[in-house]
Structure formats: structure tokens, C-alpha cells
Amino acid sequence: MDTPHTESVFRGLRDPAVRHAARFGARAATLSRLAIAGLPVPPAIVLPPEVTAGFAAGGAPDAGLEAVLEALGADALIALRGSPPSRDWGGPRAILNIGLTDATVETLAGRIGERAAWDLYRRLIQSWGAGVAGLDEELFENALYDRLKLAGVEGEEALDAGQLRALVADYKAIFEDEGEAPFPQDASDQLAAALGAAAAAWQRPAARMMRAARGAPEDAPLALIVQRMALGLGPGCSGAGIAHFADEATGAPELWGRYLDQAQGMDALMGLRTPVLLSAAERTRLGQPGRALEEREPEVAAALRAAGEAATEALGDVHSLEFTLESGALHILDAVPARRSPRAALRIAVSLAERGTITRDAALMRIDPRVLDDHLHPQIDPAHRRDVVGRGLAASPGAASGQIVFNPEAAMTLHAQEVPCILVRIETSPEDIRGMHAAQGLITMRGGMTSHAAVIARGLGLPCVVGCGELRLDARARTVTAPDGRAFREGDVVTVDGSRGEVLAGAAPTIPPELSGVFTTLMGWAGAVRRLKVRANADTPHDARVARRFGADGIGLCRTEQMFFQADRINVMREMILADSTAARQQALDRLLPMQRSDFVELFEIMRGLPVTIRLLDPPLHEFLPVSREELRALADEMDLPVSQLIQRAEELHEFNPMLGMRGVRLAVTMPEIYQMQARAIFEATLLVEERSGMTVIPEIMIPLVSAAREVELVKSRIEAVAGEVSHEHGRALPYRLGVMVETPRAAIRAGDLARSAAFLSFGTNDLTQMTYGLSRDDAGRFMRDYVNNGVFREDPFHLLDIDGVGELVLMAAGRARETNPQVALGLCGEHGGDPESVAFCEAAGLDYVSCSPFRMPIAQLAAAQAVLRQGQVR
């Protein structure tokens, strides 16, 4: 069968068509760009995929191969390499030194020396025998070992020319015995057989399965590169190596790498001999004896640096170069994107944009928003040996070490002593917040990505691992036991890695966060591009300050319940809850009023006129009540009531399903005085701030857990009445905006009705996901991993917004709300507001803003910018 191609389909590297990786493969495209840019790339001919497919189907090369060899030089040795569209897909093994025969080896010996020539011939027979003829490579290795033993030396580099000539004779005998034919003595025959073997290897079932596992189609194309060899063996400075031009950890410009004299390909990384370091700085840092390549051959090091710069300009990114030296002359064989940490990636992208190699938009698109966590939080030093004792969900990024404590009081005690600690709990409740503030990290046995522990930890920037069910917590014994049986007691030191979801034994060294320099530059570029506003979920002045530091467009969710858990307020709140009459409840609310007012004053002053959305009280009241007997007794003493009466009242508040019970707007309907107190606190704080600073504050008041328009109308009328009272008392108008938190499917369906009475709708996707799926966000972590692993869910829907279900409700609600009220503002304030894919959905849906934990804001800001760039293509 003839191969269906002609010479016209062969392409040289300088042909601009070869720059297209989809057709000619990633390696050929890279080499083409380098060659066109003038870098010293050995000449090559690229065979397109249809030629390779013909070889795989059994076709024989036609006269075109003679033209290929002639174009590369009659006396040239040839290298054959594969070039698939993606390097990740693998490819056939390279065959080097094609063209060496019994006749040509003598000619080559006259040019580069007898020893080098016979060593190259030996290499060809071994690689050709294994890669083309399919012989067992161990046969050749055994023959080499026998020769080394006979010569009394340890390494092949110690064999002289005569011994290598004898080894070639051994190899040829093995080839003829095992392959039932002598080693081919014609360069064209060698190349033809190598091409056929490479094409056949690409189509083998094992190769198809391997690349399919890496995301490639089974019928992925393969181009082949036939290239003139840069020998790497011979007189003078000859060898091969790999050169890097940026520090992997920081991204700082730096020449480093490995080089091996008298070597080819990737020999320098094979451990056959001790390689030479490229730079003096690297040699000094590692304490390696001898001289670096730049100390031995400064001209070569200068040429490498120049090649690195030129490759960066030609390819638009920092690359590592595979190179060969032939008598001091530099040849570039390949370039691959430089390995880099998330921090290094950001520095490199910003640097490339600042020097004009790429545009700012391109720099923005190169950074995965999720990796910004490495800049925002301490990270475990990559060089540290990790002793992992438990795994769970990576609920809040960052790393911290400290002594184990099992209750918030112990955390607060160690905090007062300036001793770092890690709080370990089965799960957390609002009463644990003080301990979370005091701890450096948090571990819970239960919970998912939107559990109380996860949400609060992200807001605090506290490293947290939740759902760590493989750890066994014994509260009585005050121990936590790892799966391998190791028990950790209170006071033992562990490390929380909230970025990976791992718990480590002992203290681990960390790399501090980096929030200036290139990080600030990149976020500035993102801010200039994005349309979507990014607000913060901020409940405290500390949260608000962090939000301002990250360039918040306002506060999109202030959960007022968090304010009541402070030590000087919790018992007043409890008195209000346990009151047995409206009058008694009002007395407690009157005491809470100045506390709430002071909170809002501080928030308004920090945000300086930016929007502040205050969600009125949402959780069921039982969450504020003490649980233990000791706490109940202390509260009874303070209220001068019998403990039995408190227990009875707590039992009256008990609900079988509190998250669907008396909470949110339902509190306002049944106990209107609570929301009325909060509204007054907001309005009085607004006037106080305006009087102090002269700035205009327009608060946004949000009603939670709404399902019916009548709920909104009732609450709206009462808030309007309070606004009227405060306005009358102070003789000033009170502008404000009233909105609804859309958390129930019915609210989404009836969004058109809600929009008639609301200035804004904010989608609380944590509860909306919970109610749409019928999943408890606090308990789903126990089985979510199984659901994801079995393909039921692509990802945890509390972590990644369910576009098909919850997203459909959001789209429906947005359309119906704007149809009724075109001016209504639409936002999203669930934890999804900090997820890049969810942010992209919000941009596509035309929402006005997202709101997320302060430390996730940069992620949302970059994701919002990328969403705009994807819609309009990158400039």
C-alpha cells in the first residue's frame, strides 16, 4: 500500500503554517516559532498527521524521504520525534542518530573523534532496536554491563574507542540474532522503518487508552519531526542540558539548570553522571563543588540567557530550553513552559505584560483565580516533608500550626497567653465564634463547604478543614485519633492546611502571604476590566476593614446575628428570647438597640458611603440559647430565674426542623418588635454618621427567607413606620433601600411579585441550593464525596453553583423581577459568590454584583474580569 502523500505536504520549520499546534503538534509549533524568531534551532522537516496515519495503516515511504534527507544534509544524522497537539498526551519515543552505518561511522570519527562516533553508533542501535525492531532493551543493557565488567570500569563514559567499537559489534550481533536480520546499513531504510514504528506505536490500544485518560480523543493526530542532529558528543565544549530562566517558587528571573558533558537529549536529568549546574549563583546556593557552566564557558551562559529572552518574546511566556552544545555552538532542541508556583505564575504574567510581551488582558487570563489563595494566606513551604494524619474538605485556605484545644474557652485562654492553637470540634455552632477568633486554625469532624465552620472560617481568613471524619474525636478523653492509630492530646501540636484539606502532625514552616507588588498590580488591571461589582460578606468592623483592603464595592451581606454573640451581648439577647411577654421582650431590645447602633455606625464609617446591605435577624432563636447545664445555670443566676423555667422555655422553642421553622421573616411576622429595633438602630446610625462626617449613607435593609409578597409588604410597612418616626425625631429625611433575600424556590418563582416592593433582590444560594436539592448543607459532607466520585454531581453543589437547577431558578427570577421592575438591582450573596465558575454565570446572567467572604473577594474580582474578557475575546 502506498503512503497517500507527496513531497509538497512536508514542511520546514520556518514555514508559518507549522506554527499551528492543532495540525502540526505542540513541539513542532514551538520549534517553528523559535526558528522564525532566529533562535539556533537545527533544521527540520515536519510530516503532517495524514502522512503519519498512512504509515500507521501500513504504507511504505515513497521517494519523498530521499528529499527529506537531502534537505537536511547528505551527511547529517537525523533525530525523529513525535509532535501531538498536546504534550500531555505523550507520544512515541525519540530515535536519535539515524543515518549511522558501518561506513558513515568512520567518516564521522574523522570529524568528531573515534570514541564519540562509536558511542553515537552504539546509542542508535540500542534505541532503534528497542523502539523500532521491538527488541528487549535489557539485552543491550546486559551486553553493556559485560563490557564494563571486562574493562574493569563502572560507567560507559570510561570505555575507550576500541571498547565501544567492540560493544557495537556485540549490539549488532544481538540485533541480528533477535531481529532475524542485520542492522540496516542505509539511512533511508533506517528512517522509513523508524517512521513506521512511531506511527504504529501511536495507534496501539495501550497508547490510545493512555492519552484518553489524559483527556485526548482516541483518534488524536500525530505529526512527526525529522530533524538534523546536534550531536552533543565530540571535541570542545559538547554536551546537552536543560536551562530554566525563572525561579519556580517566586518567578524571579534566574538562570539555573543542569548540563552534562558528552551527552544527548535529557541525559543530564537521567542520573547517569553528576551534571554541571548552569549558574554560579545556583552552585553557591546548593554548595556543589567544582565550577558551574557559566564559570567554565561564560560565552555559552551568555548565549543561553539571550536565547531564553528571545524565546520568551517569541512564545509569549517564560520557557525552559532543552539544548545541545556542539563544539561550543548552542542548538535549541525544544522549549516547554517554565514550571512555576502560583506566586511565580502571577509575577511572571505581570512582568510579561509590563514589558509588553503580552497584553494586560492576556496576563489576566493566564491566572487561575483560585491560585490567588496562595497570595492571600500563609502556605506550607513546598520543601517541607508532610506527615498527613487526616484529610477532609478544604473549607478555608491557608496554613497554621498550634496546640490542639477542644473548646472555645481553651482557645481563648491560650490566645490570652499568646500561644497559637488549633480548635478541634465535632462541628461548630454560633457559640464557638469567640474560640474561632482566638484560634489560628479549625478542624471539624462533620460539615460541608457551607457549614457554619466553613462559612465563618472563610470570613475570618482562618485555615479550616471540615468533614474530617477519618479522625476520631473523644471529647471526654480530650484526644483525637488518626486512621493510623496515633493519638493527639490537648496541647499536642498539629498543622492545618486548609488549602489542601489536610491535617499534619507537628508544626510546619509556612510562606507568608504577599498582598502587595504584582498582586496589587494584577487586581488593579482586573478592576479596570470587570463589570460585575464584588461586595463582601462582612459582619464585623474587622471584616469590613479587610474588605476595604481588597477593594470591596460595598458590603453585600452583613449578618446581624453574628453581632449578638459577643460576650457583652449574648445574655441580653437570651433575655429577649426567653421573655414571657412583649413588654419584657421590648425591655431587652431597648438594651440591645445602642449595641446594634454602634455596630452599624462603625460599619458605615469604615465603608465611607459604599453600599452596606444589612440582613435582619435570620437564624432560629434556639441557636442563641446555652446548651450545657453549666451555661443554663449561669444564665438563670443572671436573670434571677429558676433553671427549670429556662429549660421549659428552651423546650418551647424547640423545633424538629429549625432551618425551615421560625426564622428569618417569620420572626418579623410573629415578633415584629425585633426587626423594628434593628431598623431603628440602622436609621439612627445613618444619621449619626452623616452628622459626624458629612458623608451620605444610604443603607440597604434585606429581609431574609421570604416566600410570599405579603411577607415583604408587612415588614416594609413596619420599617417605613420606624423610618418615619426617626425622621420626625431628627427632622431629616432618611433615604434607604429595602430588599429581599431570595433563598426559597417559591421566592425565585414569584420574584416578579417580590420586585414590586423591593429595590433589590439578593440570591442567597446557600439556602436556595439546600432547599432546591432537599440537602442539608451541614450534613451533606458525609456522603458528598461518594456522590461526586460516582458522577451523581459534577461537584459539591454548595461549592460550585448548580447551573442547571439552582442557576435556572436564578435566571427565571432575574427575568421575572426585571420584567416587573426594570430598576431592581440583582445580586448573589451565597458562598458561590467567591467561586470563579459561579461568578462567570452571574456575569452571563446580567446580575449587578456578587458578595463573598472578604478573603475570597480577589478571586471573585479576577473571575469577573475574565468573564468579561471571554465574552469579548482577549485583547
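Me: Which residues form the negative surface patch?

Reply: Patches are made of residues with over 30% relative accessible area (Shrake-Rupley, 1.4 Å probe, only the protein chains shown as cover) and no salt bridge, with like charges joined within 9 Å. A salt bridge is a Lys or Arg side-chain nitrogen within 4 Å of an Asp or Glu carboxyl oxygen. Here Asp136, Glu138, Glu141, Glu176, Asp177, Glu178 and Glu180 form the negative patch. This is a predicted model, where local features need pLDDT of at least 70 and side-chain atom pairs count only at pLDDT 80 or more, while totals for chains, interfaces and linings use all residues. Residues are numbered from 1 along each chain as its sequence is written, and side-chain values use heavy atoms, leaving out hydrogens and water.

Me: Which helix gives the most to the negative patch?

Reply: Helices (H or I, at least four residues) and strands (E, at least two) are DSSP runs numbered from the N terminus. Helix α8 gives the most, three residues; α7 (137–151) and α8 (161–179) each supply at least two.

Me: What is the strand order in the open sheet of eight strands?

Reply: Strands of a sheet pair through backbone hydrogen bonds, either parallel or antiparallel. Two strands count as paired if DSSP finds at least two bridges between them. The order is β12-β22-β21-β14-β15-β16-β17-β13, with mixed pairing. Because β12 (388–391) and β13 (393–396) each have a single partner strand, one side of each lacks a neighbour in the sheet. Parallel strands β14 and β15 are joined by three bridges, and Ile404 has Ile422 in β15 as its bridge partner.

Note on methods. Patches are made of residues with over 30% relative accessible area and no salt bridge: like charges are joined within 9 Å, nonpolar side chains (Val, Leu, Ile, Met, Phe, Trp, Tyr) within 5 Å. Lys and Arg count as positive and Asp and Glu as negative; His and the chain ends are not counted. The place of a charge is taken as NZ of Lys, CZ of Arg, CG of Asp or CD of Glu.
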